[in-house]
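Please examine the structure shown below.

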Amino acid sequence: MTTAAWIKDVPVAHRGYHDMNKTVWENTLSAFSRAVEAGFAVECDLQLAADSVPVVFHDHDLERLCGIKGDVRERTSAELGMLAVGGTSDKIPTLRQMLKLVAGRVPLVIEIKGRPGEDDGFAEAVLEALEGYEGKVALMSFDHHILKDLKKAGSPHPVGLTAEGVKPEDLFAHDDAMHLGLDFISYFHGHLPNSFVTAQRQAGIPVITWTVRDENARAHTYTHADQMTFEGFDPRETASA
């Protein structure tokens with residue numbers, strides 16, 4: 001296992017330190033710059049472009065963020081890099097562009113958005129882009145096949161499970177994933193506490209939550225987990241309830 005203890009250290013800005021897509025949009029270089037300036041860790045999402053280049057984008061479809069219909073995976077990284085996000089000057093960045101901007105100044109918590117049966121080479125492409133990067137990086141996914149691929153490829157970075165749920169079958173599946181030798185967990189705050197997360201914390205596995213938007217959720221996180229992924233407020237100040 002690779003240590004992910006550092007993931008507890010500072011709040012994690014969900015999709016960068018955006019302003020709820022008013023003027024600074026999620027998963028853009030502007031949002032990442034703002035997080036770096038504030039000293040927050042950065043969470044971001046990766047999709048695989050048609051040319052097998054990892055790009056920073058959350059949705060499978062382009063409409064919500066770029067105003068056009070279409071699957072993000074059906075365009076090349078160059079084509080995506082010409083699309084404005086939210087009508088701003090920001091375009092969809094590649095992982096390499098994001099890494100060049102952050103340059104190790106704050107930790108990165110990167111979620112890989114998998115699709116079963118369509119992800120051949122995705123994990124390897126992410127690790128290749130990260131080669132030589134000097135900074136703290138953690139990789140995570142909801143998708144167990146992505147986690148398996150990262151471990152099989154010998155990821156030198158901590159690998160974690162993104163998860164939610166309280167049903168016994170959910171917790172059983174999560175426990176099964178941990179047998180891959182995962183290093184941390186990112187869990188939905190509204191589903192804490194639960195027996196799975198409690199046991200993993202007792203075993204020394206760091207746990208962060210998603211996505212904290214108010215003071216109640218922040219207090220709940222620090223009662224039942226180690227750190228939060230947040231949006232919509234400045235953790236250096238009191239969040240509105």
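**Helix packing, pocket and backbone**

The axes of helix α4 (residues 95-102) and helix α5 (residues 122-130) come within 10 Å and cross at roughly 30 degrees. That angle makes α4 roughly parallel to α5; angles under 35 degrees count as roughly parallel, over 145 as roughly antiparallel, 65 to 115 as roughly perpendicular and the rest as oblique. This is a predicted model, in which local features need pLDDT of at least 70 and side-chain atom pairs count only at pLDDT 80 or more, while totals for chains, interfaces and linings use all residues. Residues are numbered from 1 along each chain as its sequence is written, and side-chain values use heavy atoms, with hydrogens and water left out.

- Helices (H or I, at least four residues) and strands (E, at least two) are DSSP runs, numbered from the N terminus.
- Axes are lines fitted to C-alpha atoms, for helices over the stretch in contact, and angles run from 0 to 180 degrees between N-to-C directions.
- α4 and α5 cross in a right-handed manner, where the near helix is turned clockwise from the far one by less than a right angle.
- From α4, Leu95, Arg96 and Leu99 meet Val126, Glu128, Ala129 and Leu130 of α5, contact being heavy atoms within 4.5 Å.
- This contact of α4 with α5 has 5 nonpolar, no polar and 2 charged residues (Ala, Val, Leu, Ile, Met, Phe, Trp, Tyr, Cys and Pro count as nonpolar, Asp, Glu, Lys and Arg as charged, and the others, Gly among them, as polar).

**α5 and α6**

- The axes of α5 and helix α6 (residues 144-152) are 8 Å apart, at an angle of about 50 degrees.
- α5 and α6 are therefore oblique to each other.
- The crossing of α5 and α6 is right-handed.
- Phe122, Ala123 and Leu127 of α5 make the contact with Ile146, Asp149 and Leu150 of α6.
- By class, the contact of α5 with α6 comprises 5 nonpolar, no polar and 1 charged residues.

**α7 and α8**

- Helix α7 (residues 168-178) and helix α8 (residues 195-202) have axes that come within 9 Å and cross at roughly 25 degrees.
- That makes α7 roughly parallel to α8.
- Leu171, His174, Asp175 and Met178 in α7 meet Ser195, Phe196 and Gln200 in α8.
- The contact of α7 with α8 contains 3 nonpolar, 3 polar and 1 charged residues.

**The largest pocket**

- The volume of the largest pocket is about 160 Å³.
- Among the 14 residues lining this pocket, His14, Arg15, Glu111, Trp210 and Thr211 are the closest to its centre.
- β2 (41-48) and β8 (207-212) are the elements that give two or more residues to the lining.
- The lining divides into 3 nonpolar, 6 polar and 5 charged residues.
- On a 1 Å grid over the protein atoms alone, a pocket is an open set of points where a 1.4 Å probe fits, with protein on both sides within 12 Å along at least five of seven lines, and lining residues have an atom within 4 Å of a point.

**The backbone**

- Most residues other than glycine have a negative phi, and most peptide bonds are trans.
- Arg15 has a positive phi of about 60 degrees although it is not a glycine, and Arg15 is in the loop between β1 (12-13) and α1 (29-38).
- The peptide bond from Leu192 to Pro193 is cis, with omega near 0 degrees.
- Pro193 lies in the loop between β7 (184-188) and α8.

Terms used:
Grid points are joined across faces, edges and corners, and a volume is the space filled by probe spheres set on the points.
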